[in-house]
Every structure is written in C-alpha cells, then in structure tokens.
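Biologist: Let's walk through this model. Start with a loop, then the helices, then the core.

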Amino acid sequence: MQTTDISAVVTGAASGLGAATAAALAAGGARVVGLDLDVSNAPEVEGVTYVQTDVTDEEQVRAAVAVAAEQGPLRVAVNCAGIGPSARILGRKGTHDLALYAKVVQVNLVGTFTVLTLAAEAMAATEPLEDGQRGVVVNTASIAAYDGQIGQAAYASSKGGVVGLTLPAARDLAQHGIRVNTIAPGVVETPMLATVSDEFRAGLAAGVPFPQRLGRPEEYAQLVEFIVAHDYLNGETIRMDGALRMAPR
C-alpha cells in the first residue's frame with residue numbers, strides 16, 4: 001500500500017515513537033492526524049494535524065478518526081500511545097495498586113483496541129484498492145510481552161494482550177481488506193527513558209547483543225512504513241530489539 005493521497009491516524013503522536021511515525025508517514029505523502037493526551041508541545045510537522053485525544057474515550061477517538069477520514073481515505077492507523085509505570089505485586093509498601101493495574105491495561109490494551117476498532121470502521125467504508133485492500137493497522141506491544149521483568153506485571157500484561165489481539169483482529173478484519181500487525185520494540189530512546197541516568201541507559205544498551213545501543217524512534221517508524229508497504233504481511237508481531245532477551249531485573 002502506498003502512503004500518498006491517503007489519511008492516517010497515529011496515537012501518542014506528540015513524542016517518541018508516535019512523533020517519528022507521524023513525521024515519516026507525512027513525508028511519504030499521507031495526511032496524518034496525530035492523537036495525544038497533550039498536544040501542547042507536539043512538534044510542528046508539515047502534513048500532521050494534532051487532535052487532543054484520550055485513547056480510552058470512545059467519543060474522543062471517534063471524533064479524531066472522523067477528522068482523519070475527512071482529509072482523505074483513511075488507510076493507516078498506528079497505535080503508539082501507552083504508559084509504563086513499574087510496581088511489584090508485593091512490594092515494601094504493600095500490594096500492587098489495583099487501580100494502577102487497571103489503568104495500564106485500559107490505556108495500553110483497551111485504548112489500542114478502541115482505536116483499532118473505530119479506525120477499521122472508517123477503513124471499511126473506503127473504496128477497495130488492488131486485491132480488495134482497504135487499510136492497515138499497526139499496534140505497539142513490547143518485548144515485555146515475552147520477557148516481562150520484575151515490576152512489569154501490569155505493563156507486560158497489557159502488552160501481552162496486544163500481541164494476543166493481533167491474529168484474531170487480522171482474521172476478523174480480513175473480510176474488509178484490513179491488515180493488522182504489531183511491533184514489539186526493545187529498549188528504544190523515548191521520553192520514557194529520558195528521566196533515567198546516562199549510566200543506566202548505557203547499561204541497557206550494553207545488554208543488547210547487536211547493534212549494542214538503544215533503538216531509535218526513526219527505526220520504529222521505518223518498520224511501520226515497511227509493514228504498510230508490504231501487502232502480504234498480516235497477523236504478525238515483529239520484535240525490534242537487536243536480539244535482546246530481557247533478564248528478570
């Protein structure tokens with residue numbers, strides 16, 4: 001699928017993976033609507049329009065998808081929005097906050113499902129392309145879905161749900177000509193890592209077999225572009241991690 005003369009929605013578009021993806025799709029000719037909870041500091045990128053959106057709010061997501069559909073046939077949706085707080089099931093201060101666990105799952109998994117569903121609805125209403133294709137959804141999981149560390153019970157659960165969603169979603173939407181794939185990044189240079197020390201970041205990079213560095217948001221965006229362009233890639237979760245397998249801590 002080509003990205004010229006289409007519209008796309010990207011969540012988490014104000015920073016990190018989402019910002020890089022929105023910029024890449026816009027550079028490829030798409031009219032991008034970037035969704036984020038706070039768009040006040042979003043980068044100014046030609047071809048990207050930002051809409052303040054809570055991905056857990058159905059009506060807000062539906063409104064943002066409508067904005068994208070008005071700009072041209074909606075063909076691409078990329079789910080990058082997510083949160084990753086850390087807490088042990090049994091910690092020094094007691095049990096894992098159950099409300100926090102529910103919030104992580106609500107944002108990372110239910111939010112992904114909400115955007116996928118409402119974007120697919122708009123895609124299904126478009127005219128089909130070659131082979132009956134109408135669109136592609138790219139979700140973001142994490143290698144924590146497979147190698148969840150101590151303190152990642154909520155995060156790993158939510159991302160494992162995204163991985164589990166991928167194949168049945170692809171099968172559900174096949175009749176509408178919509179592909180669904182997921183990227184599971186490893187340690188990537190994003191705002192989530194901006195608050196930690198250089199020493200800690202260096203330690204993370206040293207654990208990656210090759211290349212021995214943190215991943216870059218632009219590399220995630222490049223993989224999104226590949227998935228969009230590769231019409232036979234469907235129902236897959238692709239690890240982007242430099243062959244990293246996370247230790248327990």
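**Loops, helices and a core**

Biologist: Which residues is Q149 in contact with, leaving aside neighbours within four places in sequence?

Modeller: Q149 is in contact with M246, A247, P248 and R249. Contact means heavy atoms within 4.5 Å.

Biologist: Before going on, what are the ground rules?

Modeller: This is a predicted model, so local features need pLDDT of at least 70, side-chain atom pairs count only at pLDDT 80 or more, and totals for chains, interfaces and linings use all residues. Residues are numbered from 1 along each chain as its sequence is written, and side-chain values use heavy atoms, with hydrogens and water left out.

Biologist: Where is Q149 found?

Modeller: In the loop between α4 (144-147) and α5 (153-173). Helices are DSSP runs of H or I, at least four residues; strands are runs of E, at least two; numbering starts at the N terminus.

Biologist: Which backbone oxygen lies 2.9 Å from a polar atom of the Q149 side chain?

Modeller: That of A247. The cut-off for a polar contact is a pair of N or O atoms within 3.5 Å; within protein, one must be able to donate a hydrogen and the other to accept it, and residues adjacent in sequence count only if both atoms are side-chain atoms.

Biologist: On to α5. Where does α5 bend?

Modeller: At T166, by about 30°. P168 follows within four residues. The bend is the angle between axes fitted to the seven residues ending at a residue and the seven starting there.

Biologist: What covers the buried residues of α5?

Modeller: The cover includes α3, β7, α4, β8 (178-185) and β9 (237-240). Among the buried residues of α5 are Y155, V162, L165 and L173. Buried means under 20% relative accessible area, exposed over 50%, partly exposed in between (1.4 Å probe, protein chains only).

Biologist: Switch to α2. Which residues are buried there?

Modeller: V61, A64, V65 and A68. Seen down the axis of α2, the buried residues fall within an arc of 100°, so they line one face of the helix. The arc is taken from the directions from the helix axis to the C-beta atoms.

Biologist: Which residues are exposed on the other side of α2?

Modeller: E59 and E70. The buried residues of α2 are covered by elements including β1, β2 (31-36), β3 (48-52), β4 and α3 (98-124).

Biologist: What happens at the start of α2?

Modeller: A side-chain oxygen of D57 reaches to within 3.0 Å of the backbone nitrogen of E59. Just after α2, G72 takes a positive phi of about 150°.

Biologist: And T56, where does that lie?

Modeller: In the loop between β3 and α2. The side chains of T56 and D54 are joined by a polar contact of 2.7 Å. T56 also touches Q106 and V107, not counting residues up to four places away in sequence.

Biologist: Now the largest nonpolar core. Which members touch the most others?

Modeller: Of its 26 residues, L25, V32, V76, V78, V138, I183 and Y220 do. Such a core is a set of buried Ala, Val, Leu, Ile, Met, Phe, Trp, Tyr and Cys residues joined through side-chain atoms within 4.5 Å.

Biologist: Which elements give two or more residues to this core?

Modeller: β1 (7-11), α1 (16-27), β4 (74-78), β7 (135-140) and α7 (217-229). α7 gives the most, with five residues. Apart from this core lies another, of 25 residues, among them V33, V55, V115 and I178.

Biologist: Which residue in the loop between α3 and β7 deserves a look?

Modeller: D131. D131 has a positive phi of about 65° although it is not a glycine. D131 is exposed, with a relative accessible area of 75%.
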